[in-house]
Amino acid sequence: MTTSDSTPQRQPSSAQNPPQLQEANFWTTGKGVLTIIGIAVAATAVVITFIFSTLDNDNEFGQPATYSDVPTDSVCGLGGVALEGSIADTPDAQWVEYRGAWLPTSEEYGPGNVGSEGEFSCFEHSPRGMLFAASAYTGQLTNPAYWEGDLQIFAGQHAEAHLTEAQELFTTVFSEADTALGGFRLVNYDGQTAQIDMAVTSFDGSETSRTSVVLNMVWAQGDWKIDATDPELGISLDPLPDLIGYQHWSA
């Protein structure tokens, strides 16, 4: 009778049956690591180049105005015509005092005309020209002494009604305080219309407050004016806690 062999079988040794070698991953080799480093350095260089090229034509306040080749259409022939861009860096200004209000002036941006009652007019057709116009109008509106004259600062079919409404609004808010411009923030500009936020600081005894004066501006008849083409007043006033986000703009 035959019996089965119960003797255990020996497993082949590693020398007899060597393990299968796995193919090495290129990215984990020395050459792969160097390749990754090279790609990262190249990408960083591209980003840095882009940033510096952008800074050459821009800054934190927007792209400088782009002037066209067309002749100036300012009512007094002042400056050039810039239909695109922004105010960019805060421009230089000569501040003059009239009737208690300190207003910015510039031989380059305006006003080109100053009336007998201290009215400013004729500003360059550019973002900075618009800034100087808005500054003059804000300074005049917030100073009750200017209401003694005839302010020609609105343009549009509702100009007369808006002037009356603005007089009531500004007299209510600012009649008991001394005021001064403190800053500005350009909201938008397209060459024919613009919106700008003027920061006004008021001093009433020992108390100081700030007001945001947002003006809708329009280029009309060779000058920047407050837009009165819409039935709604193109000016809004709101309390302002601080000047964060505004470009400094004061005498």
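Residues are numbered from 1 along each chain as its sequence is written, and side-chain values rest on heavy atoms, with hydrogens and water left out. Because the model is predicted, local features require pLDDT of at least 70 and side-chain atom pairs count only at pLDDT 80 or more, whereas totals for chains, interfaces and linings use all residues.

Secondary structure elements are DSSP runs numbered from the N terminus, with helices (H or I) of at least four residues and strands (E) of at least two. Two strands are taken to pair if DSSP finds at least two bridges between them. Strand β10 (residues 207-220) pairs in the antiparallel sense with strand β9 (residues 193-204) over twelve bridges. Within this pairing, Met 198 stands opposite Val 213 of β10. The two strands form a hairpin with two residues between them, and Gly 205 in the turn adopts a positive phi of about 65°.

Strand β10 is also joined to strand β12 (residues 235-239) by five bridges, the two running antiparallel. Here Ile 235 in β12 is the bridge partner of Leu 215. A further antiparallel pairing, over four bridges, links β10 and strand β11 (residues 223-227). Trp 219 has Trp 224 in β11 as its bridge partner. In a regular strand, side chains alternate between the two faces of the sheet.

The hairpin of β10 and β11 has two residues between its strands. Gln 221, in the loop between β10 and β11, has a positive phi near 55° in a residue other than glycine. With a relative accessible area of 79%, Gln 221 is classed as exposed, where exposed denotes over 50% relative accessible area, buried under 20% and partly exposed the range in between (1.4 Å probe, protein chains only).

Elsewhere, strand β3 (residues 94-98) and β4 run antiparallel and are joined by five bridges. Trp 95 stands opposite Pro 104 of β4. In this hairpin, which has two residues between the strands, Arg 99 takes a positive phi near 55°. In the loop between β4 and β5 (113-114), which contains Pro 111, a cis peptide bond joins Gly 110 and Pro 111, with omega of about 10°. Most residues other than glycine have a negative phi, and most peptide bonds are trans.

The structure holds one disulfide, defined as a pair of cysteine sulfur atoms within 2.5 Å. The bond joins Cys 76 to Cys 122 with an S to S distance of 1.7 Å, and at -80° about the S-S bond the link is left-handed. Cys 76 lies in the loop between β1 (66-67) and β2 (82-84) and Cys 122 in the loop between β6 (120-121) and α2, so the pair ties together parts that are 46 residues apart in sequence. Cys 76 is partly exposed at a relative accessible area of 33%, whereas Cys 122 is buried, at 0% relative accessibility. Cys 122 additionally has a positive phi near 70°, in a residue other than glycine.

One cavity of 30 Å³ or more is present. On a 1 Å grid over the protein atoms alone, a cavity is a set of points where a 1.4 Å probe fits but cannot get out, and lining residues have an atom within 4 Å of a point. Grid points are joined across faces, edges and corners, and a volume is the space filled by probe spheres set on the points. The largest cavity contains about 50 Å³ of space. Its lining consists of Ala 101, Trp 102, Leu 103, Gly 139, Thr 142, Thr 179, Ala 180, Leu 181 and Val 200. Strands β4 (101-105) and β8 (178-189) each supply at least two residues of this lining. By class, the lining residues comprise six nonpolar, three polar and no charged, with Ala, Val, Leu, Ile, Met, Phe, Trp, Tyr, Cys and Pro counted as nonpolar, Asp, Glu, Lys and Arg as charged, and the others, Gly among them, as polar.

How values were computed. 1 Å grid on protein atoms, 1.4 Å probe; cavity = no way out; pocket = protein on both sides within 12 Å on 5 of 7 lines; lining within 4 Å.
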